[in-house]
Amino acid sequence: MKIIIDLLEKLKLNVVLQAQEIDKEFTWTQLFNPEFYINLELGGVPIGIYMVLFIVFAETGLFIGFFLPGDSLLFLSGIYCEALAQPLTFLPQGYSPVFVIATLIALSGIIGNIFGYWFGSVYGKNLYQKEDGFFFKKKYLYHSESFFQKHGGIAIVFARFLPIVRTFVPIIAGIVHMKKSKFMLYNILSSILWSFILVYAGHYLYGLFLEKFDIDLKHHIEKIILILVAVTTFPLVMKAIKARKLGNADGSGDA
């Protein structure tokens, strides 16, 4: 009996120590770092590819997913495509990891937009009565609606490359009951373009910098993320500045 008690005490101690070690390693800021999801393991088993696919689905299909990393996640998926594809043991020999990853991400993006369209058609109008919260800002809904009205169906393609907007545009399409066949055409086209452009860009730029300049982009992930965030959010910032100037001009005119 004493031996069993000693074993239980040791087991309890090991669990506590492991929990403390995990707590020391994990910080909440990692949730905004795409590399955290790509390299994530569960019980020693890499689950990065499944996390990437879920995040793509959530960011393109769930209105609470707008804060998740999108473009930078795809770019880094191209850099880490071989590691991401490693758990996919069911794939045949000789497959191209970058092609497989880009295809799976494109499929996840298509499914995400379909869910967003369905959600918008069924529940979307209720969002206009929803109060702002941590995971939801009504202004994003109005910005996306304005973007959709300005560009029409092609907005679904443009929205793929714009953070926040890509989350809400399929919902707007569902709210206005955009023709399903037209929506699916732009949905499939935009998801393929978004996925293959960013994933292949990450893959080939990684190889180019390593071969030509002896620079390993994996050692400069933070810089890459900052550059991608700056590039993708620039159009949104400029639009917000323009809208504020127009608002100020209208206010001065009324005065």
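The structure is a predicted model, in which local features need pLDDT of at least 70, side-chain atom pairs count only at pLDDT 80 or more, and totals for chains, interfaces and linings use all residues. Residues are numbered from 1 along each chain as its sequence is written, and side-chain values use heavy atoms, with hydrogens and water left out.

**Overall architecture**

The protein chain contains 11 helices and two strands. Both kinds of element are DSSP runs numbered from the N terminus: helices are H or I with at least four residues, and strands are E with at least two. Along the sequence their order is α-α-β-β-α-α-α-α-α-α-α-α-α. Of the 255 residues, 39% are buried. Here buried means under 20% relative accessible area, exposed means over 50%, and partly exposed lies in between (1.4 Å probe, protein chains only). The chain exposes about 15,300 Å², and carbon and sulfur atoms supply 67% of this area. Accessible areas come from the Shrake-Rupley method with a 1.4 Å probe; for residues, only the protein chains shown count as cover. Among contacts (heavy atoms within 4.5 Å) between residues at least 6 apart in sequence, 73% join residues at least 24 apart.

**The interior**

A nonpolar core is a set of buried Ala, Val, Leu, Ile, Met, Phe, Trp, Tyr and Cys residues joined through side-chain atoms within 4.5 Å. The largest such core has 35 residues, of which I105 and I224 touch the most other members. Two or more residues of this core come from each of α2, α3 (48-61), α4 (71-79), α5 (81-85), α6, α10 and α11. Helix α3 gives the most, with six residues. Apart from this core lies another of 24 residues, among them Y128, Y140, F147 and V169. Not counting residues up to four places away in sequence, I105 touches V52, L53, V56, L74, S77, S191, S195 and V199.

P34 belongs to helix α2 (residues 34-38). P34 counts as buried because its relative accessibility is 0%. Beyond residues up to four places away in sequence, P34 touches P69, S72, L73, L76 and I225. P34 and S77 are 43 residues apart in sequence, and their C-alpha atoms are 8.8 Å apart in space.

R160 is found in the loop between α8 (155-159) and α9. R160 is buried yet has no salt bridge, and the nearest side chain of opposite charge, E59, is 7.6 Å away. A salt bridge is a side-chain nitrogen of Lys or Arg within 4 Å of a carboxyl oxygen of Asp or Glu. For charge, Lys and Arg count as positive and Asp and Glu as negative, while His and the chain ends are not counted. Residues touched by R160, not counting those up to four places away in sequence, include T60, D71, N187 and W194.

**The surface**

F115, W118, V122 and Y123 form a nonpolar patch on the surface, with about 370 Å² of accessible area together. Patches are made of residues with over 30% relative accessible area and no salt bridge; like charges are joined within 9 Å, and nonpolar side chains (Val, Leu, Ile, Met, Phe, Trp, Tyr) within 5 Å. Y123 lies in helix α6 (residues 97-123) and is partly exposed, with a relative accessible area of 40%.
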